[in-house]
Structure formats: structure tokens, C-alpha cells
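Here is a short report on one protein chain. Keep the sequence and the 3D view open as you read.

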Amino acid sequence: ENYAREVMQLFTIGLNLLNADGTSQKDANGKDIPTYSNEDIMSFSRAWTGFQAYSPRGNYEQSSTRMHRNLLDPLHIVADWRDRFPKTNLQGGYIGDGFPLCADLPERMFLRKGAKYRLLGSNPLPELMSDHPDLQLDESTGIKRMILESPSNLWAKLYNEGDFKAVVELDQNLICSGNECDVDTLRTVQVASDPVPIYYEYVAQPCVHQAFYEGGKQIARGDRDWEGTMCADPRLSAASEACGRQGNGGKAFRASLYTGERMTYDTAAARCANMSSELPVLPLDDSVGNDQGFQKYGHCQGDCDDDSDCQGNLVCHQRVGNEAVPGCALSMSLEPLPVVPLDDSVGNNMGGDAYGHCQGDCDADSD
């Protein structure tokens, strides 16, 4: 708060509003009109949260290094320390006025004119965003990269015939190619592999995130979901997908095109549907009508009461207990299920508990 006050009082606008000739402006009672209030100080103080100094570096002289402070480089913002709520300006508006809403930006902004990319060299971790250190590991550990190759127009711009530029800004809109057409946003992309991998980081356009929005979805850190959940705007690329299936110990399946991919809720739902997975399970109830919070239920989704609860031409199947629903896979493996040799014997004597989908030589439903 003290710094927010000093910036206004001592370094910029001073205490009172002034006329063009430098005299103080007066209100109806002849008193000076202050340039800011205590409320402005409070709001501006929140704009100064989250700043942290970089670590010292050894290529410049400093009279003392005992404090281990870098007094040369600008401070950077630590997102977890930053006040996340809207901040007002002195004219009754907000600091973000004049910037577009993130939710209103066209799809695939990373291919639009003006999109920027920063050269990272051989380090796959972004510098302007925070990714898990495990993303530095190689592909043998299961890490999936967003790899651009010919004939991608974006690859051609970034690869630049092997002459890698420190910063690349697109001078025109590009047509997507391959996986570029299926992702909502990018983080880092690999544009070369020989003799060493070369990566670029996508620099997203500044935009305003709304603190309040409709239809919020719960998200959690996949590796530390015990920390709890938080709300996210379903219109934004806020999280990865979590495709739920029965028989997987409560764990989610992934359909990400690269590790750490963020996507909108609609994209996540489509990914899960495309891999024949159930969408997140909705609690069943005995009430009449669609009161689950959805406008219409999708394929294999929800507890419908009649066809009017369903999207498009879908029909409502009234099941008994946990019986299977025609056309809905209640249990499916990411990989093809093991082929069970057929035999001519009678009964289930293959050593298994029961045969699965497309599996075995059954004699009755009990197998």
C-alpha cells in the first residue's frame, strides 16, 4: 500500500488534480480535488503483488553480494503470489479495459497474424509459463511433444530453413496442419530434432480473464488432486481432459496430443467421446425430468426420463440397476483387449473370471 501511494503521490500525479496552467482544481466548496482515495491505494496495492527478484548472476560487478539480491534485472511476477481479482484505475474503469476478453478471442490464436514465438533452444520447458520439471525428460518416459513438421506452415515459419530467429511474429494468418487443427492452444513446440532438438515457446496475446463467469467447471492438479479443486472458465483452455471409465480404479484416461496440453471443456468432452469413453459420471436420481444442470444430455450421459432430455436424435434408455446401455461402452481398454484362443469345450474354463467384450468362447450369459 505504501508503494502504491508513493508511486502516485511522489512519482506521477501528485496529491491534487491540476488545471492546464498548474493551479489546483477546486470542487463546489472551493476545496482541492484529490487525485486518488484510500480505495484507490487499496486497489493499486493489489496490482503490485507477486513481484520477485531474479537470482544474482555473475557477469556484472556489484559492491556486495552478501544479500544475494539481483539489483540489475527487472522483477518478475510469481503467479501463485499474485492477487487474482480485478483492479480498478483512477477513472472508474479497470486496468484491463481496452484489452479483449480471453473468452472472445478467435480459435487457434497461435496461428493468427501477430502471434509470437520465443526461441528456447534445446530446453523444452517454457520460460513465460510454468510447467512441471518432468517435461524436461525424454520421450522414453511417456512425455509427448507437440512436434511440427513439413508441410506445416507454422513449422516453415519457425524452422526458417534452419536459421532460427530469437523471436518470430507471424505476419499473416496461417492454415492449420495435422495436430495443429485439433488443439486449442500451444505451449512449446519442437521444430527440429537433428543434431539437437529445437523448441519455441508460444507467447499468448494479452487478454482479460473474468473473475466471475457462468457454468464454471471444477479442475484439480492431476498429480496432487488431494490439494482440492478450484473453478475454471469452461470457455478457456484452462486444463487437460480427464476421461472417466468404469473399471479403471477411479483413474482418468488421457487423450492429450501433447503432455501439459490445455483445452476448453467442449474440446475435452469431444476428446473423451472420440476415444469411446464415458463423460464424467453424473449422479443418478429418481426425480422426474432433466434437473442435473445440463441443457440436454449427450451420448451415454446422465439420467434421462424421456427423449426430450436428450440431444438431437438421441433416445432415452431406461435401464434397470447397472445393466448395460446399448451403444455405450461401460468398460474399454486404451489398447485392444487380449485375444483369448477359442476352443470347442463347453463352459468358461479358460482360467479367467469372466469373458470381456469380444473375448473368449462363451456358452451362456453367465460366462
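## Chain and model

Helices (H or I, at least four residues) and strands (E, at least two) are DSSP runs, numbered from the N terminus. By that count the protein chain has four helices and ten strands. Along the sequence they follow the pattern α-α-β-β-β-α-β-β-β-β-β-β-β-α.

This is a predicted model: local features need pLDDT of at least 70, side-chain atom pairs count only at pLDDT 80 or more, and totals for chains, interfaces and linings use all residues. Residues are numbered from 1 along each chain as its sequence is written, and side-chain values use heavy atoms, with hydrogens and water left out.

## Surface and contacts

Accessible areas come from the Shrake-Rupley method with a 1.4 Å probe; for residues, only the protein chains shown count as cover. The accessible surface of the protein chain is about 24,400 Å². Carbon and sulfur atoms hold 52% of that surface.

A residue is buried under 20% relative accessible area, exposed over 50%, and partly exposed in between (1.4 Å probe, protein chains only). Of the 367 residues in the protein chain, 26% are buried. Contact means heavy atoms within 4.5 Å. Among contacts with a separation of 6 or more, 52% join residues 24 or more positions apart.

Two strands pair if DSSP finds at least two bridges between them. Four strands form an open sheet in the order 4-3-6-5, with antiparallel pairing. Strand 4 (167–169) and strand 5 (188–192) are the edges, and each pairs on one side only. Neighbouring strands of this sheet are turned by 30° against each other on average, direction ignored. For such angles, axes are lines fitted to C-alpha atoms, for helices over the stretch in contact, and angles run from 0 to 180 degrees between N-to-C directions.

Strand 6 covers residues 198–203. Five of its six residues are buried, so strand 6 is largely enclosed by the rest of the structure. Strand 6 pairs with strand 3 over five bridges, in the antiparallel sense. Tyr 117 stands opposite Tyr 202 of strand 6. Strand 6 also pairs with strand 5, again antiparallel, over four bridges. Thr 188 has Glu 201 of strand 6 as its bridge partner, and Ala 192 stands opposite Ile 198. A hairpin of five residues joins strand 5 to strand 6.

Most residues other than glycine have a negative phi, and most peptide bonds are trans. Where does this chain depart from that?

The peptide bond from Asp 194 to Pro 195 is cis, with omega near 5°. Pro 195 lies in the loop between strand 5 and strand 6. A cis bond also joins Ser 150 and Pro 151, with omega about 15°. Pro 151 sits in the loop between strand 3 (116–121) and helix 3 (153–159).

Asn 160 has a positive phi, near 50°, and is not a glycine. Glu 161 is not a glycine either, yet its phi is positive at about 55°. Asn 160 is in the loop between helix 3 and strand 4, and Glu 161 is in the loop between helix 3 and strand 4 too. Is Glu 161 buried or exposed? Glu 161 is exposed, at 79% relative accessibility. Asn 160 is partly exposed, at 29% relative accessible area.

Helix 2 covers residues 38–47. Its buried residues are Asp 40, Ile 41, Ser 43, Ser 45 and Ala 47. They pack against helix 1 (2–9) and strand 1.

Trp 48 is in the loop between helix 2 and strand 1 (51–52). Trp 48 is partly exposed, with a relative accessible area of 38%.

## An exposed loop residue

Gln 91 lies in the loop between strand 2 (76–77) and strand 3. Gln 91 is exposed, with a relative accessible area of 68%. The C-alpha atoms of Gln 91 and Tyr 36 are separated by 9.9 Å, although the two are 55 residues apart along the chain.
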